[in-house]
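Hello,

Here is the structure we discussed.

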Amino acid sequence: MTPLSKMQTMLFETQASLSPQAFVDRIIGHSQQDSSLKPAKACGFGAAPVNIALSKYWGKRETTLNLPINSSVSISLPGLGTQTELSLTEGQQDQIVLNDQLLEPHHPFAKRLSGFLDYFRLNDHTMFHVDTLNSVPTAAGLASSASGYAALVLALNDLFQWQLQPKKLSLLARLGSGSASRSLYPGFAIWHKGERDDGMDSYAEAIETSWPELCIGLLKIDIGEKSVGSTAGMQQTVNTCELYQTWPQQAEKDVLKIQQAITNKDFTLLGETAEHNALSMHATMIATWPPILYWQPESVAAMHTIWQLRQQGVTVYFTMDAGPNLKLLFLETQKPAIEQAFAELEVIQPFKQS
Ligand code: DP6
């Protein structure tokens with residue numbers, strides 16, 4: 001199998017008109033290297049929830065500024081996410097503590113985080129001490145990178161006292177990890193893909209709607225680290241999957257349907273669109289070369305159980321990210337039947353919990 005021709009890949013590619021450093025400087029309004037600036041506080045703090053995409057982000061049109069090919073819509077899960085403390089330190093490298101463990105500098109998580117922190121150093125000797133606590137398993141398809149980069153950007157904003165508005169925080173978080181752009185908000189959020197090649201219009205906003213009866217059930221099949229991360233997985237899909245050609249159009253239509261479902265509290269439209277969208281994304285992953293299949297046999301068994309429940313009149317749908325775990329979508333009235341079918345389910349009501 002040969003990769004897609006350059007012509008096909010170019011359908012999606014745009015050229016960044018700014019470097020990531022210039023992008024950051026423009027958002028915060030100055031260069032961090034300006035020697036007249038000092039951090040206003042000894043320690044910055046940030047906390048952000050994980051989010052589950054109801055219409056997915058899959059594919060970048062530009063990788064240095066992290067610009068997506070399509071828009072996406074998500075729901076944040078209160079009580080699950082990341083808390084981060086940040087301070088400046090002396091030394092040769094950043095100290096990154098994840099869940100009470102100091103990481104080696106070459107640990108992939110530490111390397112990626114330090115690479116992002118490079119845009120915020122006061123000078124070449126400023127190192128950061130990052131203490132980050134995840135209440136979800138890291139890199140297990142439960143969106144910990146989303147809450148992680150959103151919490152980190154909030155901690156930077158607090159440490160340096162920039163007082164940035166959510167839109168700008170979302171732009172910065174996007175640079176760390178695309179889905180993090182949506183984790184700045186509780187409830188529903190929409191990440192506009194944007195059109196500009198400087199990335200300034202690619203940020204998320206809150207969709208101000210409350211839906212108290214809405215439940216999300218987390219079905220943890222396997223919380224081990226996934227074999228292919230989202231960043232590499234989506235790049236491989238864009239480069240080698242013929243089916244991907246139709247994804248951007250479907251994704252934009254699905255975003256509109258999910259928005260309509262939220263506005264009208266139309267649960268069937270929400271569930272059907274989210275499930276179809278997730279399966280379409282996974283179809284592009286599977287039709288990539290080499291194939292990417294995140295599902296485990298237990299994931300497929302759970303899908304069959306969900307489809308059987310629907311045949312019995314229980315209104316339940318699912319979505320899945322880059323991992324084997326399922327996230328079930330249902331309304332409160334269906335909770336007893338669903339908890340009976342899935343004994344291990346962790347149920348979250350995003351608009352009832354804080
Ligand atoms: C399947 O945001 O983790 O969860 O921007 O490369 O960090 P990067 O990717 P990431 O991808 C998330 C992909 C997804 C779908 C979604 O959350 O929309």
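**Aromatic pairs**

Phenylalanine 120 and tryptophan 162 are both buried (under 20% relative accessible area, with a 1.4 Å probe and protein chains only; exposed is over 50%, partly exposed in between). This is a predicted model: local features need pLDDT of at least 70, side-chain atom pairs pLDDT 80 or more, while totals for chains, interfaces and linings use all residues. Numbering starts from 1 along each chain as its sequence is written, and side-chain values use heavy atoms, without hydrogens or water.

The rings of phenylalanine 188 and phenylalanine 351 have centres 5.2 Å apart and planes at 40 degrees, so this pair is tilted. Pairing requires ring centres within 6.5 Å, taking the six-membered ring for Trp; planes under 30 degrees apart are stacked, over 60 edge-to-face, the rest tilted. At 0% relative accessibility, phenylalanine 188 counts as buried. Phenylalanine 351, at 21%, counts as partly exposed.

The whole structure holds 11 aromatic pairs. One aromatic cluster consists of Phe116, Tyr119, Phe120, Phe128, Tyr149, Phe160 and Trp162.

**Helix packing**

Helices here are DSSP runs (H or I, at least four residues), numbered from the N terminus. The axes of α2 (residues 20-28) and α5 (residues 166-176) come within 10 Å and cross at roughly 160 degrees. That makes α2 roughly antiparallel to α5 (over 145 degrees; under 35 is roughly parallel, 65 to 115 roughly perpendicular, the rest oblique). Axes are lines fitted to C-alpha atoms over the stretch in contact, with angles from 0 to 180 degrees between N-to-C directions.

Pro20, Phe23, Val24, Ile27 and Ile28 in α2 meet Lys168, Leu171, Leu172, Arg174 and Leu175 in α5 (heavy atoms within 4.5 Å).

Best wishes

How values were computed: Helix = DSSP H or I, 4+ residues; strand = E, 2+ residues; numbered from the N terminus.
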